[in-house]
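This briefing goes through one structure topic by topic. Keep the sequence and the 3D view at hand while reading.

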Protein chains: 2
Amino acid sequence: MALTTLTLVPRACYCLPPSRFGGRRRRTRQVIKAELPSAEMGSGRPASKLMEFPHLTAAHRDLMVDLIQAVDDGVGEHLLPSTVPSDVEYYQNQTGTSQGTLLIRSAIPPSPIDFVIASWLHLKQPHGGAFNITNIASYLKTTNDIPHFQFELVQCSPTFLIFFLDLIPRVDIILRPDYLTTFYEETELEKYRRRLDAVPEVSPYFSSSLFFRKVVSSTGILVSMKCEESESGRVEEIIREEIGPISKEVLRIWMELCSNGGREIEDGNERSLLEKRDLMIKKKAIEMDLSKTMPLQFGEEVAERVLRVIRSSFKTI
Amino acid sequence: MALTTLTLVPRACYCLPPSRFGGRRRRTRQVIKAELPSAEMGSGRPASKLMEFPHLTAAHRDLMVDLIQAVDDGVGEHLLPSTVPSDVEYYQNQTGTSQGTLLIRSAIPPSPIDFVIASWLHLKQPHGGAFNITNIASYLKTTNDIPHFQFELVQCSPTFLIFFLDLIPRVDIILRPDYLTTFYEETELEKYRRRLDAVPEVSPYFSSSLFFRKVVSSTGILVSMKCEESESGRVEEIIREEIGPISKEVLRIWMELCSNGGREIEDGNERSLLEKRDLMIKKKAIEMDLSKTMPLQFGEEVAERVLRVIRSSFKTI
């Protein structure tokens with residue numbers, strides 16, 4: 001999560017946390033919504049509000065619901081229910097103009113997945129309008145080297161989006177070209193990057209973090225989309241016709257890798273290197289973005305509450 | 001060198017090799033040209049032909065001469081004369097439609113530099129026109145971790161260029177954010193990438209090699225430039241006003257790092273890792289591009305002759 005946020009979103013705001021995952025497999029979108037008990041969602045917010053992504057456009061909301069459903073269908077059996085406290089699952093600033101949600105589902109011991117984290121954030125901007133940031137990410141256990149999954153879609157205005165979709169490599173590719181072959185060439189991820197690159201409104205996006213640029217894979221999609229002011233419908237179209245199908249395909253590929261279980265890392269040195277890299281990526285995500293911008297956006301108390309939960313899941317404390 | 005070539009240039013052609021470096025410091029462009037003894041250049045080619053870059057446009061040629069002069073002024077005292085045999089210093093295919101030059105100057109033992117390699121290539125294309133590829137690169141010794149230097153400018157047509165300029169990191173940045181700080185943040189390299197990115201005709205360029213994409217640094221410049229067919233003068237203007245000054249600045253920064261000598265790597269493990277990474281980058285450069293495309297462009301015999309010299313300098317044999 002944070003990974004991008006800290007990196008994608010202009011300094012004034014910050015990003016993070018999640019949406020609501022369903023529980024059982026093969027449920028329809030309607031069923032998921034109907035099942036959410038409002039008591040469980042906390043903060044006195046009606047449960048449907050969170051799952052409905054109240055501030056998103058229809059295309060963006062539908063995509064989020066579809067992706068969350070797809071995770072549940074694909075690897076739901078790996079995941080335990082979220083244990084995020086209700087006052088972190090939904091939180092807001094004092095005036096209620098900035099709101100955030102966070103959901104973290106740990107995986108069961110035999111799964112290669114460590115946990116899945118999802119969020120949406122609505123951040124009112126000082127000069128009008130709001131940023132809507134949605135994120136789904138999964139970090140893997142250090143017993144395997146399957147890439148981490150990252151999806152983040154940021155609507156900065158009705159006509160401007162930033163989008164990040166990637167399987168994040170967990171080894172130094174220069175020393176491991178076999179890793180590139182297995183996870184990036186054989187999966188043909190490049191074709192999805194190219195497909196989006198061919199959309200006229202899409203441009204490569206350079207994160208302000210030089211560290212983050214090195215985290216992204218060779219086939220990572222990191223783009224901005226700018227449409228004419230009069231054409232907010234075109235943004236919706238791009239989400240429905242390009243970002244949506246591409247995100248679902250990349251998620252499907254990643255879930256397939258997870259279902260295959262990955263290669264067991266038995267060598268102690270290899271595992272400790274992987275642990276170090278994973279930890280560095282997570283630490284940088286928190287340090288560079290969240291720990292600075294969260295207090296500014298939500299106040300010290302709320303920020304500390306949310307960050308404690310994130311740090312604990314990230315095992316950076 | 002090859003690094004990019006193999007990666008930048010459409011499969012039909014290939015890249016490599018060099019131009020002519022001067023010998024002493026502070027010489028004017030004219031002096032360099034005048035000093036080149038034709039016997040030394042071999043292949044019966046008049047020496048001036050090589051140093052004049054006969055197939056380049058004026059702006060491109062002037063830039064190459066300036067860069068070579070700058071290398072000579074800045075680190076010329078580190079470098080020994082080239083020992084490349086004359087039939088590799090200049091070579092061509094049977095019909096003479098494709099021509100190449102190669103120059104390699106090893107550095108003296110106390111220098112952090114291992115060697116400097118430079119080249120130009122003129123590759124006639126089957127459907128008319130020619131590609132002109134110019135390259136200056138330097139690889140460092142494994143006693144230090146100063147980034148390698150890479151400059152490559154490819155003129156694919158009078159109105160289409162590909163440009164690569166980078167200080168190539170020699171460690172896994174994820175595990176070494178201090179390396180990012182020292183060589184990329186404190187040197188403010190990002191501002192040069194941004195400056196070129198702001199030129200309307202310039203777009204980010206994605207190499208076809210997923211491996212190569214991971215070799216490039218966070219601030220690496222890898223772009224294409226497309227001008228209107230009627231505006232070949234604009235290409236010249238971009239070379240003179242943007243590519244030229246940016247290349248000279250990045251080269252100056254790199255030479256300053258070399259003049260400071262870098263950090264001595266004493267730890268055996270760190271050094272052996274650096275050696276492995278360096279070797280992998282060089283091997284991939286040869287394997288992915290040169291060893292396949294050289295024979296197609298220049299015939300088996302010439303290719304073998306040139307590749308032997310490159311492999312020997314790269315220490316990949």
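This is a predicted model: local features need pLDDT of at least 70, side-chain atom pairs count only at pLDDT 80 or more; totals for chains, interfaces and linings use all residues.

Leaving aside its neighbours within four places in sequence, which residues is N93(B) in contact with? They are S98(B), Q297(B) and F298(B).

- N93(B) sits in a loop of chain B, between the strands β1 (90-92) and β2 (98-101).
- With a relative accessible area of 12%, N93(B) is buried, because the cut-off for a buried residue is under 20%.
- The side chain of N93(B) comes to 2.8 Å from the backbone nitrogen of G96(B).

**Chain A as a whole**

- Chain A contains twelve helices and nine strands.
- Of the 317 residues in chain A, 61% are buried.
- Taking the contacts in chain A between residues at least 6 apart in sequence, 68% of them join residues at least 24 apart.

**How the two chains are related**

- Two copies of a chain are related by a rotation about an axis and a shift along it.

**The interface: extent**

- The size of an interface is often given as the accessible area lost when the parts come together.
- Between chain B and chain A, the buried area is about 2,700 Å², and carbon and sulfur atoms give 69% of it.
- Three residues, I174(B), L210(B) and K214(B), supply 30% of the area that chain B buries against chain A, more than any other three residues.
- In terms of contacts, 28 residues of chain B touch 28 residues of chain A.

**The interface: bonds and make-up**

- There are four salt bridges between chain B and chain A.
- D172(B) forms a salt bridge with R277(A), and their closest N and O atoms are 2.7 Å apart.
- Eleven residue pairs are in polar contact between chain B and chain A, counting pairs with both residues at pLDDT 80 or more.
- Four helices of chain B, namely α7 (177-185), α8 (190-197), α9 (210-215) and α11 (268-298), each supply at least two residues of the side that touches chain A.
- The largest share of that side, six residues, comes from α11(B).
- By type, the residues on the side of chain B that touches chain A divide into 16 nonpolar, three polar and nine charged.

**Two helix residues in chain A**

- E256(A) belongs to helix α10 (residues 232-260) of chain A.
- The relative accessible area of E256(A) is 45%, and E256(A) is partly exposed.
- E256(A) and V75(A) are 181 residues apart in sequence, and their C-alpha atoms are 9.1 Å apart in space.
- T293(A) belongs to helix α11 (residues 268-298) of chain A.
- T293(A) counts as buried, at 5% relative accessibility.
- T293(A) and A303(A) are ten residues apart along the chain, and 8.8 Å separates their C-alpha atoms.

**Two residues in chain B with positive phi**

- Most residues other than glycine have a negative phi.
- E188(B), a residue other than glycine, has a positive phi near 55°.
- E188(B) is placed in the loop between α7 and α8 of chain B.
- E188(B) is partly exposed, with a relative accessible area of 45%.
- K315(B), also a residue other than glycine, has a positive phi near 55°.
- K315(B) lies in the segment that follows α12 (300-314) of chain B.
- K315(B) is partly exposed, with a relative accessible area of 47%.

Notes:
Residues are numbered from 1 along each chain as its sequence is written. Chains are lettered from A and ligands numbered from 1 in the order in which they are written. Side-chain values use heavy atoms; hydrogens and water are left out. Buried means under 20% relative accessible area, exposed over 50%, partly exposed in between (1.4 Å probe, protein chains only). A polar contact is a pair of N or O atoms within 3.5 Å; within protein, one must be able to donate a hydrogen and the other to accept it, and residues adjacent in sequence count only if both atoms are side-chain atoms. Contact means heavy atoms within 4.5 Å. Buried area is the accessible area (1.4 Å probe) that two parts lose on being put together, summed over both. A salt bridge is a side-chain nitrogen of Lys or Arg within 4 Å of a carboxyl oxygen of Asp or Glu. Ala, Val, Leu, Ile, Met, Phe, Trp, Tyr, Cys and Pro count as nonpolar, Asp, Glu, Lys and Arg as charged, and the others, Gly among them, as polar.
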